[in-house]
Amino acid sequence: MLLEIENLMKAFGGFQATDGVSLSVEKGSLCALIGPNGAGKTTLFNQITGYLVPDSGRITFKGAEITGLHPYEISRKGITRAFQIINIFSRLTVMESVQLAILAKRGKTLQCFAPAKRMVREEALAVLGIVGLAERAGALARELSHGDQRVLELALALAGEPELLLLDEPMAGMSPFERVKVTELIQKVQQDSGLTVLFCEHDMDVVFGISEKITVLHQGRVIAEGRPEDIKKNEEVHQVYLGQSWGI
Amino acid sequence: MTVDSRNFWRTGWPWAGLAVVGLLLYPQFVSRYYIVLSTEVVILALLATSYNLIFGYAGMVSFGHAAFFGLGAYAMALLTKNYGSPMLVGLLAAPVVAAAFAFIIGWFCMRTIRLYFSLLSLAFAQLLWVIVFQWYGFTGGSDGIQGVPRPEILGSYASYYYFALAATLVCLVLMWFIVNSPFGWSLRSIRENTQRSQFLGINDRFYKLIAFTIAGAFAGMAGGLYCQFQKWADPELLFWTTSANPVLMSILGGMFSFVGPSVGAVVFVALREIIKVRTDYWPLVLGAVLLTMVLVLPGGIVGFVVDKGRALVSSRNGEAPAP
Amino acid sequence: MSMITWDLGTIVLLIMSGLTRASILFIVAAGLTLVFGVLRVINMAHGSLYMVGAFIAASVIQQVGGGGGFWLALVAAPLAVALVGAVIEFGVLRRIYQAEHVVQLLATYALILIFDDLVKMIWGAEYKSVSIPAAFAGSISIGDRQFPIYNLFVIFWALLLATGLWLLIHRTGLGRLIRAAVEDSEMLEALGVNIPRIFSAVFIIGAFLAGLGGVLVAPLGSIGLGMDVTILIEAFVVAVIGGLGSFPGALLGAGIIGMMFSFGITVAPRMAMAFVFLAMLLVLIVRPWGLFGEPER
């Protein structure tokens, strides 16, 4: 198991956002986390990546505990994240952003006297090539179109050379054509480099199309977990989603 | 023009080279008044660039930068005047002393953000000012330390100009490397999006502390040079209104470019001298200029020129200008 | 160390003089903190408005003379300063409400520079002094010490203002709007409330308070060109310690700083100012939003 979450609890005031969640992710797998709005998916991601500290419970990565560590420490251990809202560096160029992500992962960001422009260029261009942003390498991040910015978001997460990639609603706001593109990208990257991917999504076509395992969250609790076929038949999951667009 | 030479001129290095040559030759042609003025500009350019390291590059708005400038000046004054050390010792001590204070103050300031950071940096600076102002026995109180000795070879105006210029250029080159290094890029990412930079693996508080200390060190260096320049260390150097000057210069010249603060320093001093000849009311004009700049030109002069230049070049090439 | 004798009379006197200072500080800091609380702007030129109030008062008293002059100044100067405030709000502040703090600080700092010179132009660079109006001349006895009656007048005004401001905020329609604007100005705007007008009103009130402080302080000491910077720093410290945006905070902060000054100047005159900044430091490190404030959203 690459990632293990045991009995995680997190409350905000009186509201229990995470209520005893236990979850494990196998190395090299493509797992999805689904649930209606407010189920606590982003809160869970925030706790895994260190942005929030859980009230109780454990998170273990590669056998070592990472509960409550700072985001930068967790990132260095090999977990990166692409955000749901675009969270990029407006005044850095595409190339600079990706180079920086790689440099940060390799621990070179304390170097004061080397010219950053010339460092890790090939690796950066490789990442940009994979996501299809190579021609826009020189553009400022804020000059990109919305769709390209989301791709850059993904590129930043990939550039961190992660072992576990967390994707927070990667399809949000994308056209059907872009969705196909990104879905193929995720699958390709995962197969090529043996990356482990955990993503949360509302687009059920994508979720049932590519994931190997699905975990269903509702009101901060895991109500079902298993292969896509099993989840489709699950009574409770159907009930929870009644009134929501199932989209199958 | 062939493509190659056009690209060569665009990189900026030849312009920098020309500027340096100009700066070296220029005292030969002008009167003493301009040489003295230029010395001041050079030192202030160093101070402003050191400030922009944390302001423009890391996004930290400190209102206490003058403290490090003043501390450097007093280190130089105390060592050379009161303890008879050679000037070079003073010049090495100034940045070290300033950096030490910057590290301590920075450590406390890093725990706060935005507005409270600015206020805290201001509070620290004012505290230091009061101590320097009141500690008559050690710092000379409101009189400051006067009669700071300067080595004989640097006695003339021109020779001190060259010395200050050399020291400043060395510091600027060092800062240039820092700003274009992975560390410098990390600072920019912290400025753009602190949360994201954390998720890249950057410990933003630590990096900001380092940047703050380095900026303090260079400000201290500027202070040491300035002390030798005016042969006097006075408490006014640490007062918060002195802190405003590098902020002004960075914004005037453009905080998102490396040379912006230096340009701002030149414009600031030039304006001051031109206005002072015509009227006593220099602060009024400065205030009006600052107000106009703040309301109208957010990118500073360099930003304005760069944007216009980019538009000009793009239209010449037949493209639409970038947004 | 000081040479004074420490007895009850001395202590009471020190407390009273601390309260006097605190009163002026409260009046000025209240304006500063009000403007920040509602408009989220730190007006560096607040001290300049105070200074203008003092200078106008001095001129009025000089022209009209004696007791009548003071009462006229007490009314006219704050109103004049309020007018100046309105001009500033309309001309400068409106454009920078949405800007980052550094822009606001620089723009208002530019105003300090401009005002300093304007005052110098109009009134000249020498110090002015205004004598205590005849109505409040003389002092009362506390034990075997004397305490000026005018100072009591100042303290009275501070208390009056504190009460008045409380009533304004908690008992009037404007006060309700102000409190709502502090909570969520966007929502208010969506509800159709004229936010710009509220902002103007608040700024004008703040300017009025600064001017009032200037008038009241005029007979207490000399009126000169550096007084804007001095009061700005002190009012700043008071507002920060109390919590930016909080009136009770300003009151408490003013009390603390007033006392610190009063006792500090007697006990360790050179370091009195240092203690004040130390207090500001401690608050910013331990509890940046001040004693009564709330963490910035």
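Predicted model: local features only at pLDDT ≥ 70, side-chain atom pairs only at ≥ 80, totals over all residues.
Reader: In what order do the four strands of the open antiparallel sheet of chain A stand?

Author: Strands are taken as paired if DSSP finds at least two bridges between them. In chain A this gives the order 2-1-4-5, with antiparallel pairing. Strand 2 (15-25) and strand 5 (64-65) of chain A are the edge strands, each pairing on one side only. Further in, strand 1 (residues 3-12) and strand 4 (residues 56-61) of chain A are antiparallel and joined by five bridges. Within strand 4 of chain A, A:Arg58 is the residue opposite A:Glu6.

Reader: Which strands stand at the edges of the six-stranded open sheet of chain A?

Author: The order of this sheet is 6-7-8-3-9-10, and its pairing is mixed. Strand 6 (79-82) and strand 10 (221-226) of chain A each have a single partner strand, so one side of each is left without a neighbour in the sheet. From one strand to the next, the twist averages 20°. Strand 6 of chain A runs parallel to strand 7 (residues 164-168) of chain A, and four bridges join them; A:Thr80 has A:Leu165 as its bridge partner in strand 7 of chain A. Helix 1 of chain A packs on this sheet, where it touches strand 3 (30-34), strand 6, strand 7, strand 8 (196-200) and strand 9 (213-218), and makes about 150° with the direction of strand 7 of chain A.

Reader: How is chain A divided into domains?

Author: Domain bounds come from an automatic or database domain assignment. Here domain 1 comprises 1-78 + 162-248 of chain A, and domain 2 comprises 88-160. Their centres, taken over C-alpha atoms, are 25 Å apart. Each of the two domains of chain A gives nine residues to the contact. On the side of domain 1 of chain A, the largest share, three residues, comes from helix 6 (residues 176-193).

Reader: Which residues have the most contacts inside the largest nonpolar core?

Author: In soluble globular proteins, nonpolar side chains tend to be buried together. A nonpolar core is a set of buried Ala, Val, Leu, Ile, Met, Phe, Trp, Tyr and Cys residues joined through C-beta atoms within 7 Å. The largest one here has 280 residues, and A:Ala155, C:Val28, C:Ala29, C:Ala54 and C:Ala57 have the most contacts inside it. Both domains of chain A give residues to this core, so it lies between them. Leaving aside residues up to four places away in sequence, A:Ala155 touches A:Val98, A:Val127, A:Leu128, A:Val131 and A:Leu133.

Reader: Is C:Ala76 buried or partly exposed?

Author: A residue is buried with 20 or more other C-beta atoms within 10 Å of its own, exposed with 12 or fewer, and partly exposed in between, C-beta atoms being placed from the backbone. C:Ala76 has 19 such atoms within 10 Å and is therefore partly exposed. It belongs to helix 3 (residues 66-96) of chain C. C:Ala76 and C:Val215 lie 139 residues apart in sequence, with 9.5 Å between their C-alpha atoms.

Reader: What do strand 1 (residues 139-142) and strand 2 (residues 145-148) of chain C form?

Author: They form a hairpin with two residues between them, and C:Gly143 in the turn has a positive phi of about 65°.

Reader: How many residues of chain A are in contact with chain B?

Author: The contact involves 31 residues of chain A and 23 residues of chain B. Helix 2 (71-77) and helix 3 (94-105) of chain A are the elements giving two or more residues to the side of chain A, and helix 3 of chain A has the largest share, six residues.

Terms used:
Residues numbered from 1 in each chain as written. Chains lettered and ligands numbered in written order. Contact = placed C-beta atoms within 7 Å. Axes fitted to C-alpha atoms, helices over the stretch in contact; angles between N-to-C directions.
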